[in-house]
Amino acid sequence: KAAGGAGEDGGVTGAGADGAAVVQPVVAHELSKELQLYFDRVTAVIRGGGAGEEAPMLRAALASLATDAGLHQLMPYLVQFVQTEVAKSLRELPKLRALTAATLAIVANPNVHVELYLHQFMPSIVTCMVAKRLCASPDENHWALREQAAETMNFVCEKFGREYPTIQPRITRTLSKALLDETKPLSTHYGAIVGLHALGPRVVRMLLVPNIRRYMSRLEPFLEPPTGSGGSADEEKKTHAAKTLKYNEAVKVKDALRRAVGLCLKKLVADPRREAANAREPELRAARLKASRAAGDGGEGGGTEAEDQRASVDAKKSARDLKGKPASEVEGFVVGKAPKGLKVEKAADADDGDGGDGGELIEDPRAIHAELAAAAALLGDDVGPYAPAPAVADTFL
């Protein structure tokens, strides 16, 4: 016999003193009136989207969700609220923004254990990144919502990635699949790109850069600006409007790719060079000071004069090297002008892989420069303006 089990009415069965089954009703989880009132007020503000006069109330609600320590009992209800509202509000952009902000506030609360609910939060966040349509009109700025969701997703990965190492691989697999699916709309591709971008330069270099050539071959037909005004017939106007919308979406996607490659240029090329320059600056300063003193002493110092001159020459040469080189002079790749665009040819000894999705990440600086230069050339003649720091153009391009 089983010692206990579920009764027909949902209660819990157990053995009584005489061996007969005794059914005990399950006690429902009840919230206090204060928590019920708090939940009703917060969810009502989030449903409103914080538009107009409700904006201060939304900010106060988000601040409360991010700091209050007494939300443990409300967590199941908050998770269900976010899931339900996102699923049925895919055309209400203000509400989706408020829901994404509420998710970030809850996850960022240091007083609440969110780990048990991450698997329920993440689908809603990914939906706000890669859903086909997230607004009532295509003219609305749904791009900002996708970027907001990407930042929320990255925050979750940074905060819980060490304790739960499978979170980020599962997300990157989903985003890569969405990007490479030709049946998905450009809005979904944009969400996948900004999501991979938010996860950092290593993810961009491993999963995005190797696929840029193949993806750009599909994107380029949509980058041709539509000509004419659409004519007078309604059908022609609709066709022209659809082409214009597709063109604007393609430009947005290409800009997202440029920003992602700009991040790689900054983090993997410009920042290491800047750090190396800062590390060598005391040595170079000492060499310059020593050379100036030797010149001021009128040749005193005997046998050390030649060493001082060499040190001065080395210091000047190092300073020139730190200014960077044109892309065509960087060792490891060749950039040439093709009749219909830029053509990049990697040197034979710099090609260490087939450029697919898998494989080991090569940390050779020469290979990194060649790989990123190829991606930059495919996206245009200059990605400097799209990089987070203007120094990228000076140090590399």
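**Close-up views of a predicted model**

**View 1. Glu281 and its partner.** Glu281 is partly exposed here, with a relative accessible area of 28%. Keep in mind that this is a predicted model. Which residue does Glu281 pair up with in a salt bridge? That would be Arg288, and the closest N and O atoms of the two sit 3.0 Å apart. Arg288 is partly exposed too, at a relative accessible area of 39%.

**View 2. A salt-bridge network.** Salt bridges can also share partners, and that is how Arg47, Glu85, Lys88, Glu92 and Lys95 end up joined into one network. One of the links runs between Glu85 and Lys88, with 3.5 Å between the closest N and O atoms. Both residues belong to helix H3 (residues 75–88), where they are three residues apart, or about one turn of the helix. Residues three or four places apart in an α-helix point the same way, because the helix has 3.6 residues a turn.

View 3. Glu182 sits in the loop between helix H7 (167–180) and helix H8 (186–198), while Arg218 is part of helix H10, so the pair ties together parts that are 36 residues apart in sequence. Glu182 is exposed, at 59% relative accessibility.

**View 4. The buried side of helix H10.** Now look at helix H10 itself, which covers residues 212–219. Which of the residues of H10 are buried? They are Ile212, Tyr215, Met216 and Leu219. These residues lie on the same side of H10, because they cover an arc of only 100 degrees around the axis.

**View 5. A patch of positive charge.** On the surface, Arg91, Lys132, Arg133 and Lys246 gather in a patch of positive charge. To find one of them, Arg133, go to the loop between helix H5 (118–130) and helix H6 (142–160). Arg133 is partly exposed, and its relative accessible area is 34%.

**View 6. Leu263 beside Pro201.** Follow helix H11 (residues 234–296) and you'll come across Leu263. This leucine, Leu263, is buried, with a relative accessible area of 10%. How many residues along the chain lie between the positions of Leu263 and Pro201? The two are 62 residues apart, yet their C-alpha atoms are separated by 6.2 Å.

**View 7. Ser176 beside Ala192.** The last stop is Ser176, in helix H7. At 16% relative accessibility, Ser176 counts as buried, since the cut-off for that is under 20%. Ser176 and Ala192 are 16 residues apart along the chain, and 6.9 Å separates their C-alpha atoms.

Terms used
Residues numbered from 1 in each chain as written. Predicted model: local features only at pLDDT ≥ 70, side-chain atom pairs only at ≥ 80, totals over all residues. Heavy atoms only, no water. Buried < 20%, exposed > 50% of the residue type's maximum accessible area, 1.4 Å probe, protein only. Helix = DSSP H or I, 4+ residues; strand = E, 2+ residues; numbered from the N terminus. Arc of directions from axis to C-beta. Patch = residues over 30% accessible without salt bridge, like charges linked within 9 Å, V, L, I, M, F, W, Y side chains within 5 Å. Areas by Shrake-Rupley, 256 points an atom, 1.4 Å probe, with all protein chains shown as cover. Salt bridge = Lys/Arg side-chain N within 4 Å of Asp/Glu carboxyl O. Lys, Arg positive; Asp, Glu negative; His and termini not counted. Charge placed at Lys NZ, Arg CZ, Asp CG, Glu CD.
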